[in-house]
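Here is a short report for a reader who is meeting this structure for the first time. Please look at the sequence and the model, then read on.

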Amino acid sequence: MANKISGRIITLSPTQTLTSNNGNSYNKRDFVIERIVFDRNTGQPATDSSDTPIFSLIGENCKLLDNAKIGDEVTVDYELRGRSYQKDGNIKYFNDIRVSHVEVKGLSSTNTHFAQNSFSDSFMSAPVITYSDTQKSFEPAQKPPSAEQLYNDDLPF
């Protein structure tokens, strides 16, 4: 089961080539996001500067952020896994966050609202960018209805 989290890239490392304990080489790329949360009452997005998870891309997935920049909004699909190992007679545990997909939602150079940390307009109106080998397609995100529109709705439920 995959989880999703959205945020704004605040740190983006270059791809590194590392060597595993058994001598095999692999690529790794880390990035940190400032999480975007939504107000329960208004639905308006806001950032939480104290909620900054780090994610690692491994192997071919490192290319998922080749066109991304600091300040871009992303949605990350990930799976949380746990593993254990034994060291000096003690069992140690650690978590492993496996990223399966990253969707870049907007380019920082085209969206000036990031510098002011005001996501009320930029997050809902930022274009969704889908990268493919042959072309780039742009699909504008739809803005959700306002609280007043929902209140004045005449639906019976």
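## Salt bridges

Glu60 forms a salt bridge with Lys63, and their closest N and O atoms are 3.3 Å apart. A salt bridge here is a side-chain nitrogen of Lys or Arg within 4 Å of a carboxyl oxygen of Asp or Glu. Both Glu60 and Lys63 are exposed. The structure holds 8 salt bridges.

Another of them joins the side chains of Arg8 and Glu34, at 2.4 Å from N to O. This pair links distant parts of the chain: Arg8 is in strand 1 (residues 3–12), Glu34 is in strand 3 (residues 25–38), and they are 26 residues apart. Both Arg8 and Glu34 are buried. Glu79 and Arg81 also meet through their side chains in a salt bridge, at 3.9 Å from N to O. Glu79 is partly exposed, with a relative accessible area of 32%. Arg81 counts as partly exposed too, at 36%. Elsewhere, salt bridges that share partners join Arg83, Asp96 and Arg98 into one network.

## The model and its basis

This is a predicted model, in which local features need pLDDT of at least 70, side-chain atom pairs count only at pLDDT 80 or more, and totals for chains, interfaces and linings use all residues. Residues are numbered from 1 along each chain as its sequence is written, and side-chain values use heavy atoms, with hydrogens and water left out.

## Overall build

The protein has 2 helices and 9 strands. Helices (H or I, at least four residues) and strands (E, at least two) are DSSP runs, numbered from the N terminus. In order from the N terminus, the elements run β-β-β-β-β-β-β-α-β-β-α.

Of the 157 residues, 28% count as buried. The protein exposes about 11,000 Å², and carbon and sulfur atoms supply 47% of that area. Accessible areas come from the Shrake-Rupley method with a 1.4 Å probe; for residues, only the protein chains shown count as cover. Consider next the contacts with a separation of 6 or more: residues 24 or more positions apart account for 55% of them. Contact means heavy atoms within 4.5 Å.

## The largest pocket

What is the volume of the largest pocket? It is about 480 Å³. Among the 16 residues that line this pocket, the closest to its centre are Lys28, Ser56, Ile58, Arg83 and Asp96. On a 1 Å grid over the protein atoms alone, a pocket is an open set of points where a 1.4 Å probe fits, with protein on both sides within 12 Å along at least five of seven lines; lining residues have an atom within 4 Å of a point. Grid points are joined across faces, edges and corners, and the volume is the space filled by probe spheres set on the points.

Strand 3, strand 5 (54–58) and strand 7 (90–104) each supply at least two residues of the lining. Strand 7 gives the most, with 6 residues. The lining divides into 7 nonpolar, 5 polar and 4 charged residues. Here Ala, Val, Leu, Ile, Met, Phe, Trp, Tyr, Cys and Pro count as nonpolar, Asp, Glu, Lys and Arg as charged, and the others, Gly among them, as polar.

## Residues in the strands

Tyr26 is found in strand 3. Tyr26 counts as partly exposed because its relative accessibility is 32%. Leaving aside neighbours within four places in sequence, Tyr26 is in contact with Gln16, Thr17, Leu18, Thr19, Ser20 and Ile58. Tyr26 and Gly59 are 33 residues apart in sequence, yet their C-alpha atoms are 5.9 Å apart in space.

Ile10 sits in strand 1. Ile10 is partly exposed, at 31% relative accessibility. Beyond its neighbours within four places in sequence, Ile10 is in contact with Val32, Ile33, Glu34, Thr52 and Ile70. Ile10 and Glu73 are 63 residues apart in sequence and 9.7 Å apart from C-alpha to C-alpha.

## Residues in the loops

Where is Asp88? Asp88 lies in the loop between strand 6 (73–87) and strand 7. Asp88 counts as exposed because its relative accessibility is 72%. Its phi is near 55°, a positive value in a residue other than glycine.

Asn67 lies in the loop between strand 5 and strand 6. Asn67 is partly exposed, at 41% relative accessibility.

How values were computed
Buried < 20%, exposed > 50% of the residue type's maximum accessible area, 1.4 Å probe, protein only.
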